[in-house]
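This report covers a single protein chain. It goes from the chain as a whole to selected elements and residues.

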Amino acid sequence: MADDRPRFERLSPLDVGNLRVEDRGVPMHVAALAVLDGAPLRDAAGRLRLAAIREHVERRTRRAPRLRQRLHRPPPGAGPPVWVDDSRFDISCHVRTRALPPPGDEATLLRTCAELDEPPLDRSRPLWEMWLLTDRDDGTIALLLRLHHVVADGIAALELFGALLDTATAAPDEEPGPVPTPAPPPSVSALVRDNLHRRTGAAWRWIRAVRPAVAARRAALRVRQLRSLARQGRAPRVSFDNPVGPHRRLSLVRCDLAEVRSVAHAHGATVNDVVLAAVATGVRRLLEARGELDPDLILKASVAASLRTADDRSPGNRVGILLVPLPMGPGPVAARVAAVAAETARLKREPPLQPGGGCCSGGRCG
């Protein structure tokens, strides 16, 4: 029996759309900041053990091959971009360091992170970076991780970086083997054949698998979703509803996760619901300070919803979109939490939107 699986790993329509959005000026990478104990990362003279850190991270990338791959964009007719091994992989291009300027406090750290996170990731290399930020006033070392969204969603990103940051000593049979020889990029003719095979194979699998009743239900769901989007119209005009650019100003918000969980459970909500309600409260205060607050105003938050099964830890994105209404009217925060929880529960009763890369770009989806 012939194997009808595609030969190459391609970007999904959603991720092709993410690249298209970035080409139009909207950054599509994500970042995370961690604070580490500096002592194990320094030598006896107090210098950062950069060579040893790079060696450790390079060895661990063999457990996460996607971190050693780059995007190859085929010519027209050869299909979507494909993941290929980076024959020039150089760990020094991905694990980098910078000393914070005096006084090395939290404000200095956040300004430096905003500066480092501004430029887009180089698409000619694997789409991630790790910055070790030294000279902090408390002796710790900050770790800034940057990752393009086409590489992974939140769950997959935890798997990828977990392979790098696991500090447990591996057993001999768990140590990654030698560096595999990078495979050359596929030829144009191979990509054209693969693209044709992929498209025809997907069409035949859909025809064989989908019964008329199932197809009718899916079509009805899609029509309901499109009607819902049409009814929502364009986003209300407020002062911060403008194209997203590369510049950022960062601040940290600290809270006790156990307390947040307690508040959420007390109101029949989730932690995410509490976060959305906090965002709504902050936006309300901002609009009030700018003289733009309308008590009937409702803004929509685009919230990623995982489509993964419990055991799916593969790279890439498996997400849909929920457009969650955030009430801006008066009332206690508890009422706002309850309102958000009711809306997210209602939206979760149907599959989330899967825009395929064409919807919700530019922040004007209502």
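The text below takes up the overall figures, an open sheet, a helix and several single residues.

The model is predicted: local features need pLDDT of at least 70, side-chain atom pairs count only at pLDDT 80 or more, and totals for chains, interfaces and linings use all residues. Residues are numbered from 1 along each chain as its sequence is written, and side-chain values use heavy atoms, with hydrogens and water left out.

**Overall figures**

The protein chain holds 9 helices and 8 strands; helices (H or I, at least four residues) and strands (E, at least two) are DSSP runs, numbered from the N terminus. Of its 366 residues, 37% are buried, where buried means under 20% relative accessible area, exposed over 50% and partly exposed in between, with a 1.4 Å probe and protein chains only. The accessible surface of the chain is about 21,100 Å², and carbon and sulfur atoms account for 57% of that area; the areas come from the Shrake-Rupley method with a 1.4 Å probe, and for residues only the protein chains shown count as cover. Contact means heavy atoms within 4.5 Å. Among contacts between residues at least 6 apart in sequence, 73% join residues at least 24 apart.

**The open sheet**

An open sheet with mixed pairing is formed by 4 strands in the order E1-E6-E5-E4. Its edge strands, E1 (29-36) and E4 (95-99), each pair on one side only. From one strand to the next the twist averages 20 degrees. Two strands pair if DSSP finds at least two bridges between them. E5 (residues 128-134) and E6 (residues 141-148) are antiparallel and share 6 bridges, and Trp131 has Leu144 in E6 as its bridge partner. Helix H2 (residues 50-60) lies across E4 and E5 and runs at about 150 degrees to E4; axes are lines fitted to C-alpha atoms, for helices over the stretch in contact, and angles run from 0 to 180 degrees between N-to-C directions.

**Loops beside the sheet strands**

The loop between E5 and E6 contains Asp135, which has a positive phi of about 65 degrees although it is not a glycine. Pro103 lies in the loop between E4 and helix H3 (106-116), and the peptide bond from Pro102 to Pro103 is cis, with omega near 10 degrees.

**Helix H8**

Helix H8 (residues 271-289) has 19 residues and spans 27 Å from its first C-alpha to its last, close to the expected 27 Å; the expected span is 1.5 Å times one less than the number of residues. Its buried residues include Val274, Leu276, Ala277, Ala280 and Arg284. Among the elements that cover the buried residues of H8 are helix H7 (257-266) and strand E8 (319-327). Val279 also belongs to H8, and its C-alpha atom is separated by 8.5 Å from that of Leu326, 47 residues apart along the chain. After H8 comes Gly291, with a positive phi near 70 degrees.

Gln69 is in strand E2 (residues 69-72). The side chain of Gln69 makes polar contacts with the side chains of Arg66 (2.7 Å) and Asp85 (3.5 Å). A polar contact is a pair of N or O atoms within 3.5 Å; within protein, one must be able to donate a hydrogen and the other to accept it, and residues adjacent in sequence count only if both atoms are side-chain atoms. Leaving aside neighbours within four places in sequence, Gln69 is in contact with residues including Glu9, Trp83 and Pro126.

| Residue | Relative accessibility | Class |
|---|---|---|
| Gln69 | 10% | buried |
| Val279 | 42% | partly exposed |
| Asp135 | 47% | partly exposed |
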